[in-house]
Structure formats: C-alpha cells, structure tokens
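Here are my notes on this model, point by point. Please read them with the coordinates open.

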Amino acid sequence: MAEVAHMIDTEVFLVFSTYATIVILKMMLMGPFISYLRLTKKVFANLEDTNLVKTTEDRRKWVRVQMLNGCHQNDLENIIPFVVIGLLYALTGPDLSTALLHFRVFVGSRFIHMVAYLVALPQPSRGLAWIVGLFTTFSMAYRVITTALFL
C-alpha cells in the first residue's frame with residue numbers, strides 16, 4: 001500500500017491529474033454548450049421535429065447541432081479511455097518529459113478536434129486530430145502493457 005501512495009505522490013501523477021481534469025471539464029461543458037445553442041438558435045432535438053417547420057434553414061441548424069453532438073460523443077469515446085490508461089501510465093513511473101508530451105499532445109488534439117467541429121474545418125483536419133489523440137493513448141497503453149507484463 002505504501003508503494004501506491006508513493007506512486008500517487010509523483011510529479012507525473014500530478015501532471016496527469018491536471019491534464020485529465022482539463023479534458024474531463026471540456027467534455028462536461030460540451031453538454032450545456034450544446035443545450036445553450038439549441039435554446040438560442042431554436043433548434044429541435046430530433047430531425048422528425050423539423051418536419052413541423054418547412055424551411056431548409058431550420059434543417060441546417062439541426063445538422064449543425066447534431067455535428068456538435070457528434071463532437072461530444074467522440075469526446076466520450078476518447079477521453080474516458082485516456083483517463084483510465086493515463087492513470088495506469090502515470091503509475092508505471094514514466095519520465096516526466098515523456099509523460100508531459102503524451103498528456104499535452106492528447107489534450108491539444110482534443111481541443112483541435114473540437115475547433116474542427118465548431119468551425120467546420122474541412123477534412124482531414126478533424127480526422128487527423130482524432131488519430132493523433134488515439135495514437136497517443138495507444139502509446140501510453142503500450143508502455144503500461146510492457147511495464148507490467150504479467151500475462
């Protein structure tokens with residue numbers, strides 16, 4: 001038990017805690033942000049509801065909000081594995097500079113991914129941001145598996 005307490009007291013764990021908190025807060029704030037956009041732009045939650053309004057502008061607004069829902073869903077699919085694998089990675093005792101690189105690249109990729117959704121940047125910008133974050137998580141997972149290989 002003392003070893004775990006010592007691992008949690010490292011600079012790497014503190015850095016991980018900071019970056020994990022940043023991306024978790026980003027993910028949590030996406031829901032209220034999407035709700036705010038729905039209210040201010042008077043956008044329906046479901047495509048079927050847009051049949052009540054015949055203008056194509058309302059349909060475009062619905063598609064825009066659905067894109068943001070996709071951004072939020074993508075956050076859920078990527079940030080949760082990052083937090084779990086990042087925690088295990090931090091407990092393997094990596095070099096601080098390597099850990100900082102992993103955490104910063106992942107957080108940066110998630111924010112670039114969000115901006116690509118918000119501004120509707122052309123592909124492959126969104127896809128590249130997603131791939132960078134995914135490979136970063138895989139890199140940490142590789143370190144965890146090779147460090148604690150008790151298969």
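1. Start at T10. At 24% relative accessibility, T10 is partly exposed, because the buried class stops under 20%. T10 belongs to the loop between α1 (2–8) and α2. Its C-alpha atom lies 8.3 Å from that of G93, although 83 residues separate T10 and G93 along the chain. Keep in mind throughout that this is a predicted model.

2. Overall make-up. The chain has five helices and zero strands. Read from the N terminus, the order of elements is α-α-α-α-α. Of the 151 residues, 32% are buried. Take the contacts with a separation of 6 or more: 76% of them link residues 24 or more positions apart.

3. Helix pairs, in general. A packed pair is described by two quantities, the angle between the axes and the distance between the axes. Two pairs are treated below, and both involve α4.

4. α2 with α4. The axes of helix α2 (residues 11–41) and α4 come within 9 Å. They cross at roughly 10°. That angle is under 35 degrees, so α2 runs roughly parallel to α4. On the α2 side, the contact uses E11, V12, V15, F16, Y19, I22, V23, K26, M30 and F33. On the α4 side, the partners are L96, A99, L100, F103, R104, F106, V107, R110, F111, M114 and L118. Sorted by class, the contact of α2 with α4 holds 17 nonpolar residues, four charged and no polar ones.

5. α4 with α5. Helix α4 (residues 96–118) and helix α5 (residues 125–147) have axes that come within 8 Å. The crossing angle is roughly 155°. Angles over 145 count as roughly antiparallel, so α4 is roughly antiparallel to α5. The crossing is left-handed. From α4, the contact takes in H102, F103, V105, F106, S109, R110, I112, H113, A116 and Y117. From α5, it takes in S125, R126, A129, W130, V132, G133, T136, T137, S139 and M140. By class, the contact of α4 with α5 comprises ten nonpolar, eight polar and two charged residues.

6. The peptide bond from Q123 to P124 is cis, with omega near 15°. As background, most peptide bonds are trans. Please look at this bond in the coordinates.

7. D75. This residue is in helix α3. D75 has 0% relative accessibility, so D75 counts as buried. Which side chain does D75 join in a polar contact of 2.4 Å? The partner is the side chain of K26. Beyond its neighbours within four places in sequence, D75 is in contact with K26, M27, M30, I80 and R110.

8. N78. This residue too is part of helix α3 (residues 56–91). Is N78 buried or exposed? With a relative accessible area of 9%, N78 is buried. Its side chain reaches the backbone oxygen of N74 at 2.8 Å. Not counting residues up to four places away in sequence, N78 touches F106, R110, W130 and L134. F106 and R110 also take part in the contact of α4 with α5, on the α4 side. W130 takes part there on the α5 side.

9. W130. This residue lies in helix α5. W130 is partly exposed, at 31% relative accessibility. Where does its side chain find a polar contact? The side chain of N78 supplies it, at 3.4 Å. Apart from neighbours within four places in sequence, W130 is in contact with N74, N78, R110 and H113. W130 and S109 stand 21 residues apart in sequence, with a C-alpha to C-alpha distance of 6.7 Å.

10. R110 is among the contacts of D75. R110 is also touched by N78. The contacts of W130 include R110 as well.

How values were computed: Residues numbered from 1 in each chain as written. Predicted model: local features only at pLDDT ≥ 70, side-chain atom pairs only at ≥ 80, totals over all residues. Heavy atoms only, no water. Axes fitted to C-alpha atoms, helices over the stretch in contact; angles between N-to-C directions. Helix = DSSP H or I, 4+ residues; strand = E, 2+ residues; numbered from the N terminus. Parallel < 35°, antiparallel > 145°, perpendicular 65-115°, else oblique. Left-handed = near helix turned anticlockwise from the far one by under 90°. Contact = heavy atoms within 4.5 Å. Nonpolar A, V, L, I, M, F, W, Y, C, P; charged D, E, K, R; others polar. Buried < 20%, exposed > 50% of the residue type's maximum accessible area, 1.4 Å probe, protein only. Polar contact = N/O pair within 3.5 Å; in protein donor to acceptor, adjacent residues only side chain to side chain.
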